[in-house]
Amino acid sequence: MKKLAILLVIFFYQTTTYSQSEKYSFNIEIKGKGKPILLIPGLASSGKVWKETTDTLEKNFECHILTLAGFANQSAISLEKGYLPIIENEIIKYVQDELNEKPILIGHSLGGFLSLSIASSKPNLLEKIIIVDSYPFMSLAYNPNATVENILPQAKMMKEMMLKTSDSLFIQQQKMAMPTMITDSTNIQLATKWSIQSDRNTMAQAIYELMTTDLRNDIEKVKIPILVFGSWYGAKDYGITKETVLANYKNQFLKADNCEIKVAETAKHFIMWDEPKWFINLVEAFINYEE
């Protein structure tokens with residue numbers, strides 16, 4: 001009888017775990033106990049990009065680590081109705097249906113953009129958000145005259161080029177791009193592998209949507225605390241300075257009421273990998289601070 005009860009418990013656990021994962025297009029890994037923190041990786045990245053971060057956070061928090069649809073071997077979704085809006089709605093549903101209290105969201109790059117968009121569309125859903133090297137309007141960071149309207153042709157062209165690129169050339173491009181975003185050679189290889197394993201249609205659509213979506217006015221609705229991390233070091237050879245990046249971030253987050261901006265000294269785009277101690281110390285101070 002006892003053996004049967006144990007088998008039933010195992011069966012129930014397995015079926016509930018399976019059914020929950022079937023509800024969402026993203027993969028979910030949960031580590032630790034405590035207040036929930038959702039960690040959202042960037043374009044073409046696995047949730048494993050947060051390993052160093054969660055090694056610390058899982059001691060006191062329940063970390064929900066996502067790998068988004070179409071990235072790093074995760075199955076792709078239909079792009080008929082777009083990509084980011086679908087993923088955003090799924091994350092909102094996950095928070096509403098699976099969590100018992102308001103979580104903190106930590107997002108890198110595309111994940112940071114999603115975090116900001118969720119906080120704007122659902123102002124009472126979250127407790128705090130942390131944005132790692134992501135702007136409310138990405139195109140404006142590189143083109144001071146960018147508007148959603150005038151950037152559309154460039155975004156369409158970039159999407160088409162990405163889709164038409166041969167696999168061999170795409171792999172070459174990824175191998176060349178990653179060292180501008182990451183310092184450590186092992187991490188460069190890992191991120192390159194994830195990128196090659198990602199669905200090209202998903203990547204192209206996500207970049208297109210990032211380039212043509214402007215959240216600068218929407219963030220006025222965000223009243224919860226925001227911590228923003230910026231990087232400049234990967235673009236220093238192109239005349240970018242720390243002061244330029246800080247000014248860009250301040251300008252784009254102008255309408256955010258409760259926003260703190262920190263720019264890394266030597267980290268490239270993957271700040272949590274390049275300056276892990278500095279990063280996690282600021283993250284812990286921010287999430288533990290009570291106003």
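Trainee: The axes of helix H6 (residues 148-164) and helix H9 (residues 200-211) come within 9 Å and cross at roughly 170°; what makes H6 roughly antiparallel to H9?

Mentor: Angles run from 0 to 180 degrees between N-to-C directions, along lines fitted to C-alpha atoms over the stretch in contact, and those over 145 count as roughly antiparallel. The axes cross at roughly 170°, so H6 is roughly antiparallel to H9. This is a predicted model, in which local features need pLDDT of at least 70 and side-chain atom pairs count only at pLDDT 80 or more, while totals for chains, interfaces and linings use all residues. Residues are numbered from 1 along each chain as its sequence is written, and side-chain values use heavy atoms, leaving out hydrogens and water.

Trainee: Why is the pair of phenylalanine 71 and tyrosine 83 called tilted?

Mentor: Rings pair if their centres lie within 6.5 Å, and planes under 30 degrees apart count as stacked, over 60 as edge-to-face and the rest as tilted. Here the centres are 5.7 Å apart and the planes stand at 55°, so the pair is tilted.

Trainee: How do you know that phenylalanine 71 counts as buried?

Mentor: Buried means under 20% relative accessible area, with a 1.4 Å probe and protein chains only; phenylalanine 71 has 0% relative accessibility and therefore counts as buried, and tyrosine 83, also at 0%, counts as buried.

Trainee: What makes the aromatic pair of tyrosine 135 and tyrosine 249 stacked?

Mentor: The angle between the planes of tyrosine 135 and tyrosine 249 is 15°, with 4.0 Å centre to centre, and the pair is stacked. Both tyrosine 135 and tyrosine 249 are buried.

Definitions and conventions:
Helices (H or I, at least four residues) and strands (E, at least two) are DSSP runs, numbered from the N terminus. Angles under 35 degrees count as roughly parallel, over 145 as roughly antiparallel, 65 to 115 as roughly perpendicular and the rest as oblique. Rings of Phe, Tyr and Trp (its six-membered ring) pair if their centres lie within 6.5 Å; planes under 30 degrees apart count as stacked, over 60 as edge-to-face and the rest as tilted. Buried means under 20% relative accessible area, exposed over 50%, partly exposed in between (1.4 Å probe, protein chains only).
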